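Hello,

Here is the structure I promised to hand over. Please open it alongside this note; what I found follows below.

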Amino acid sequence: MTSHLPIRPELREWILTTTRAGHSVDTVLKMMQETGYDPRQSRSIVAAVLNMPVSALEAHAQAPAPKSQGRRTRHPEAPQMVVNGHTVHVGLSMESPALRVLNDFLSPEECAGLIEQASPRLQRAKTVDSSGKQQIDARRTSEGMFFTIGETPLIQRIEQRIATMLSIPVDHGEGLQVLHYRPGQQYEAHYDWFNPEQPGFAAITAKGGQRIASLVMYLNTPDAGGGTAFPEVGLTVTALRGSAVYFAYDTGDEASLHAGLSVEKGEKWIATKWLREHPFQKASR
């Protein structure tokens, strides 16, 4: 029996695209219910779109959705960690969100090297829209670029330091991004995890799964402003050359809301690493 409910064309296309990308009917039903669809209505719509009997989906209503088996990061422990011969000092720890301020994560030479290698390739920074595509966003006014995994010896060394410190393989990371902010530029408050309610969620997470943690590394010290604010917990991390802020999160973690504050004087250079629950890309070594 098929559904007599009107099915919006964009919803029909999303169901088809999501299932063709390899996501199970369980996943589709769960995502629809999380966005407000009645479970019975969800089954009826999916059955109509996929041209299958509703009775075939009844079992999905009884079985709980499987929990993600993806990796999670290990949080750095105070007072310090020695990572591949490099000493990182944990200057601040918070549990909600899981957050660490890491002093001396990069050496002055590494900071200068990242700026030098990134500078010729800078372009207006973009964000990911609801369909999974890159877009220019007025909330993000910096310029930036991405390195590929293992692109240079310096990138390899930093990626391995991150992987060892957080106990997660290098291939679970997105390419290292370097961003440059001039006076007045900022990145307004946002989450790094992808919202399952957005229609592009399946496309964004098809490779690598959900984001699980972020590491923001400061490559210089602005003359004023430019810190990273976590408004839900009343914390602002000062941008100091060589330091970093690490924070981990689960889907829907509102405490991980953060913003790159406006640079008031001087400029700001940062490098950002986003980590996924599954392998994201192969190293180019």
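Leaving aside residues up to four places away in sequence, arginine 100 touches His75, Pro76, Val90, Leu92, Ser93, Met94, Glu95, Ala244, Val245 and Tyr246. Keep in mind that this is a predicted model. Arginine 100 sits in strand E3, which covers residues 98–103. Is arginine 100 buried or exposed? Its relative accessible area is 7%, and buried means under 20%, so arginine 100 counts as buried. One of its contacts is polar: a polar atom of the arginine 100 side chain lies 3.0 Å from the backbone oxygen of methionine 94.

Next, helix H1. This helix runs over residues 9–20 and has twelve residues. From first C-alpha to last, H1 reaches 16 Å, close to the 16 Å expected at 1.5 Å a residue. Just after H1 comes glycine 22, with a positive phi of about 105 degrees.

Which residues of H1 are buried? They are Leu11, Trp14, Ile15, Leu16 and Thr18. An α-helix has 3.6 residues a turn, so residues three or four places apart point the same way. Look at Leu11, Trp14, Ile15 and Thr18 in the model with that in mind; they are among the buried residues of H1. The cover over the buried residues of H1 includes helix H2 (25–34), helix H3 (39–50) and helix H7 (201–205).

Now the pair H1 and H2. The two helices pack at an angle of about 145 degrees. Their axes are 10 Å apart. The crossing is right-handed. Which residues meet there? From H1 come Leu11, Trp14, Ile15, Thr18 and Thr19. From H2 come Val28, Met31 and Met32. Of the H1 group, Leu11, Trp14, Ile15 and Thr18 are also on the buried list.

Last, a sheet. Four strands form an open sheet in the order E9-E15-E12-E13, and the pairing is antiparallel. On average, neighbouring strands here are turned by 15 degrees against each other, direction ignored.

Inside this sheet, strand E12 (residues 228–230) pairs with strand E15 (residues 258–260). The sense is antiparallel, and the pairing runs over two bridges. Threonine 228 has glycine 260 in E15 as its bridge partner.

Best wishes

Notes: Residues numbered from 1 in each chain as written. Predicted model: local features only at pLDDT ≥ 70, side-chain atom pairs only at ≥ 80, totals over all residues. Heavy atoms only, no water. Pairing = 2+ DSSP bridges. Axes fitted to C-alpha atoms, helices over the stretch in contact; angles between N-to-C directions. Buried < 20%, exposed > 50% of the residue type's maximum accessible area, 1.4 Å probe, protein only. Polar contact = N/O pair within 3.5 Å; in protein donor to acceptor, adjacent residues only side chain to side chain. Contact = heavy atoms within 4.5 Å. Expected span 1.5 Å × (residues − 1). Left-handed = near helix turned anticlockwise from the far one by under 90°.
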